[in-house]
Amino acid sequence: MKIIVIGIGNPILRDDSVGIKVVEELSKDVDVDTALLTTTDFEVLNKILGYDKAIIVDAIKTGNEPGTIYELSIDDILITHSFTNTHNLTLATTLKLGYVIFPEKMPKEVKLFAIEVEDIENLGEECTPKVKEAIPKVVELIKEELKVLQTSSK
(Lines give C-alpha, C1' and ligand atoms only; values in the text may rest on other atoms or scores of the structure.)
Protein backbone atom coordinates (compact mmCIF):
# COMPACT_ATOMS: atom_id res chain seq x y z
CA MET A 1 0.00 0.00 0.00
CA LYS A 2 1.41 3.36 -1.03
CA ILE A 3 0.95 5.95 1.77
CA ILE A 4 1.82 9.63 2.16
CA VAL A 5 1.62 11.77 5.30
CA ILE A 6 1.23 15.50 4.73
CA GLY A 7 1.69 18.27 7.27
CA ILE A 8 0.00 21.56 6.46
CA GLY A 9 0.64 24.90 8.14
CA ASN A 10 2.53 28.13 8.35
CA PRO A 11 5.87 27.58 10.11
CA ILE A 12 6.00 31.12 11.52
CA LEU A 13 2.41 31.47 12.83
CA ARG A 14 2.68 29.76 16.22
CA ASP A 15 0.03 27.01 16.41
CA ASP A 16 -0.65 27.02 12.67
CA SER A 17 2.68 25.18 12.34
CA VAL A 18 1.43 22.14 14.26
CA GLY A 19 0.77 20.01 11.14
CA ILE A 20 4.29 20.60 9.91
CA LYS A 21 5.79 19.88 13.34
CA VAL A 22 3.91 16.57 13.66
CA VAL A 23 5.15 15.33 10.27
CA GLU A 24 8.72 16.48 10.96
CA GLU A 25 8.70 14.47 14.21
CA LEU A 26 7.09 11.45 12.55
CA SER A 27 9.66 11.37 9.75
CA LYS A 28 12.46 10.99 12.32
CA ASP A 29 11.11 7.56 13.35
CA VAL A 30 9.09 6.19 10.43
CA ASP A 31 10.05 5.45 6.85
CA VAL A 32 7.02 6.80 4.99
CA ASP A 33 6.59 9.34 2.20
CA THR A 34 5.96 12.79 3.65
CA ALA A 35 5.34 16.33 2.44
CA LEU A 36 5.20 19.69 4.19
CA LEU A 37 2.84 22.27 2.69
CA THR A 38 1.94 25.83 3.54
CA THR A 39 -1.38 25.84 1.69
CA THR A 40 -4.51 23.71 1.20
CA ASP A 41 -4.84 24.44 -2.51
CA PHE A 42 -3.92 22.37 -5.58
CA GLU A 43 -0.47 21.58 -4.15
CA VAL A 44 -2.25 19.05 -1.92
CA LEU A 45 -3.52 17.28 -5.03
CA ASN A 46 -0.04 17.30 -6.57
CA LYS A 47 1.24 15.45 -3.51
CA ILE A 48 -1.52 12.85 -2.98
CA LEU A 49 -2.30 11.76 -6.54
CA GLY A 50 -1.21 8.17 -7.11
CA TYR A 51 -1.25 7.16 -3.43
CA ASP A 52 -3.58 4.55 -1.93
CA LYS A 53 -3.91 6.44 1.34
CA ALA A 54 -3.19 9.99 2.44
CA ILE A 55 -2.91 11.08 6.06
CA ILE A 56 -3.14 14.84 6.45
CA VAL A 57 -2.24 16.75 9.61
CA ASP A 58 -3.47 20.30 10.03
CA ALA A 59 -4.58 22.89 12.57
CA ILE A 60 -8.25 23.51 13.26
CA LYS A 61 -9.96 26.27 15.20
CA THR A 62 -13.46 25.44 16.39
CA GLY A 63 -13.38 27.09 19.81
CA ASN A 64 -12.81 23.85 21.73
CA GLU A 65 -9.95 23.19 24.14
CA PRO A 66 -6.55 23.87 22.53
CA GLY A 67 -4.64 20.64 21.97
CA THR A 68 -7.79 18.59 21.31
CA ILE A 69 -7.09 15.99 18.62
CA TYR A 70 -9.67 15.12 16.00
CA GLU A 71 -9.50 12.09 13.70
CA LEU A 72 -11.63 12.80 10.65
CA SER A 73 -12.49 10.68 7.63
CA ILE A 74 -12.89 11.91 4.08
CA ASP A 75 -16.68 11.94 4.64
CA ASP A 76 -16.24 14.22 7.65
CA ILE A 77 -14.09 16.56 5.57
CA LEU A 78 -16.19 16.68 2.41
CA ILE A 79 -19.48 17.62 4.06
CA THR A 80 -18.02 21.06 4.78
CA HIS A 81 -16.68 21.90 1.32
CA SER A 82 -17.24 25.34 -0.12
CA PHE A 83 -15.69 26.83 -3.22
CA THR A 84 -14.34 30.35 -2.91
CA ASN A 85 -11.81 30.87 -5.72
CA THR A 86 -8.67 29.19 -7.00
CA HIS A 87 -6.45 31.30 -4.77
CA ASN A 88 -8.26 30.45 -1.56
CA LEU A 89 -9.41 26.82 -1.51
CA THR A 90 -10.31 25.00 1.66
CA LEU A 91 -8.85 21.53 2.13
CA ALA A 92 -12.34 20.07 1.66
CA THR A 93 -12.85 21.91 -1.63
CA THR A 94 -9.44 20.83 -2.90
CA LEU A 95 -10.11 17.17 -2.08
CA LYS A 96 -13.61 17.29 -3.58
CA LEU A 97 -12.21 18.74 -6.81
CA GLY A 98 -9.56 16.03 -6.86
CA TYR A 99 -12.18 13.28 -6.64
CA VAL A 100 -14.19 14.94 -9.43
CA ILE A 101 -11.28 15.66 -11.78
CA PHE A 102 -8.93 12.74 -11.02
CA PRO A 103 -11.11 9.98 -9.51
CA GLU A 104 -8.81 7.15 -10.60
CA LYS A 105 -5.66 8.83 -9.24
CA MET A 106 -6.98 10.00 -5.87
CA PRO A 107 -6.29 7.94 -2.73
CA LYS A 108 -8.99 5.43 -1.84
CA GLU A 109 -8.71 6.67 1.72
CA VAL A 110 -7.91 10.06 3.22
CA LYS A 111 -7.66 10.61 6.96
CA LEU A 112 -7.18 13.95 8.66
CA PHE A 113 -5.65 14.48 12.07
CA ALA A 114 -6.65 17.98 13.14
CA ILE A 115 -5.31 19.68 16.26
CA GLU A 116 -7.35 22.39 17.95
CA VAL A 117 -5.23 25.54 18.08
CA GLU A 118 -5.13 28.58 20.30
CA ASP A 119 -2.92 31.15 18.56
CA ILE A 120 -2.78 31.33 14.76
CA GLU A 121 -2.43 35.09 14.48
CA ASN A 122 0.86 35.89 16.18
CA LEU A 123 4.28 35.32 14.67
CA GLY A 124 6.48 32.75 16.33
CA GLU A 125 8.00 29.36 15.67
CA GLU A 126 6.83 27.71 18.91
CA CYS A 127 3.36 26.33 19.48
CA THR A 128 1.42 27.27 22.60
CA PRO A 129 1.91 24.77 25.46
CA LYS A 130 -1.32 22.74 25.05
CA VAL A 131 -0.87 22.46 21.29
CA LYS A 132 2.79 21.48 21.74
CA GLU A 133 1.69 18.69 24.12
CA ALA A 134 -0.55 17.28 21.36
CA ILE A 135 2.32 16.82 18.88
CA PRO A 136 3.79 13.56 20.28
CA LYS A 137 0.27 12.20 20.81
CA VAL A 138 -0.61 12.71 17.14
CA VAL A 139 2.73 11.24 16.08
CA GLU A 140 1.87 8.09 18.06
CA LEU A 141 -1.65 7.94 16.60
CA ILE A 142 -0.21 8.08 13.09
CA LYS A 143 2.39 5.42 13.92
CA GLU A 144 -0.42 3.16 15.13
CA GLU A 145 -2.41 3.87 11.97
CA LEU A 146 0.62 2.97 9.83
CA LYS A 147 1.16 -0.28 11.79
CA VAL A 148 -2.46 -1.31 11.17
CA LEU A 149 -2.12 -0.52 7.47
CA GLN A 150 1.12 -2.47 7.15
CA THR A 151 -0.37 -5.45 8.98
CA SER A 152 -3.54 -5.47 6.87
CA SER A 153 -1.64 -5.19 3.57
CA LYS A 154 0.46 -8.32 4.27
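**Exercise 1. Aromatic rings**

Task: In this predicted model, determine how many aromatic pairs a search of the whole structure finds, and state which residue lies over the face of Tyr-51.

Solution. Begin with the ring pairs. Two rings pair if their centres lie within 6.5 Å. The search, run over the whole structure, returns zero aromatic pairs. Next, turn to charges over rings. Lys-2 sits over the face of Tyr-51, 4.7 Å from the ring centre. The cut-off for such a charge is 6 Å from the ring centre.

**Exercise 2. Strand β3 and its partners**

Task: Find how many residues of β3 are buried, and list how many bridges join this strand to β1 and to β5.

Solution. Take the cover of the strand first. Strand β3 spans residues 53-60, and seven of its eight residues are buried, so the strand is mostly covered.

Then take β1, residues 3-8. Five bridges join β1 to β3, and the two run parallel. In this pairing, Ile-3 stands opposite Lys-53 of β3.

Last, take β5, residues 109-116. Eight bridges join β3 to β5, again with parallel strands.

**Exercise 3. Helix α5 and Glu-145**

Now look at what α5 packs against. Its buried residues include Val-131, Ile-135, Val-138, Ile-142, Glu-145 and Leu-149. The buried residues of α5 pack against β1, α1 (18-29), β3, β4 (69-73) and β5.

**Exercise 4. Thr-94**

Task: Locate Thr-94, classify Thr-94 as buried or exposed, and state how far apart Thr-94 and Asp-41 are in sequence and in space.

Solution. Thr-94 belongs to helix α4, residues 91-101. Because its relative accessibility is 0%, Thr-94 counts as buried. Asp-41 is 53 residues away in sequence, yet the C-alpha to C-alpha distance is 5.9 Å. Leaving aside neighbours within four places in sequence, Thr-94 contacts Thr-40, Asp-41, Phe-42, Val-44, Leu-45 and Leu-89.

How values were computed
Residues numbered from 1 in each chain as written. Predicted model: local features only at pLDDT ≥ 70, side-chain atom pairs only at ≥ 80, totals over all residues. Heavy atoms only, no water. Buried < 20%, exposed > 50% of the residue type's maximum accessible area, 1.4 Å probe, protein only. Helix = DSSP H or I, 4+ residues; strand = E, 2+ residues; numbered from the N terminus. Pairing = 2+ DSSP bridges. Phe/Tyr/Trp six-rings, centres within 6.5 Å; stacked < 30°, edge-to-face > 60°. Lys NZ or Arg CZ within 6 Å of the ring centre and 35° of its normal. Contact = heavy atoms within 4.5 Å.
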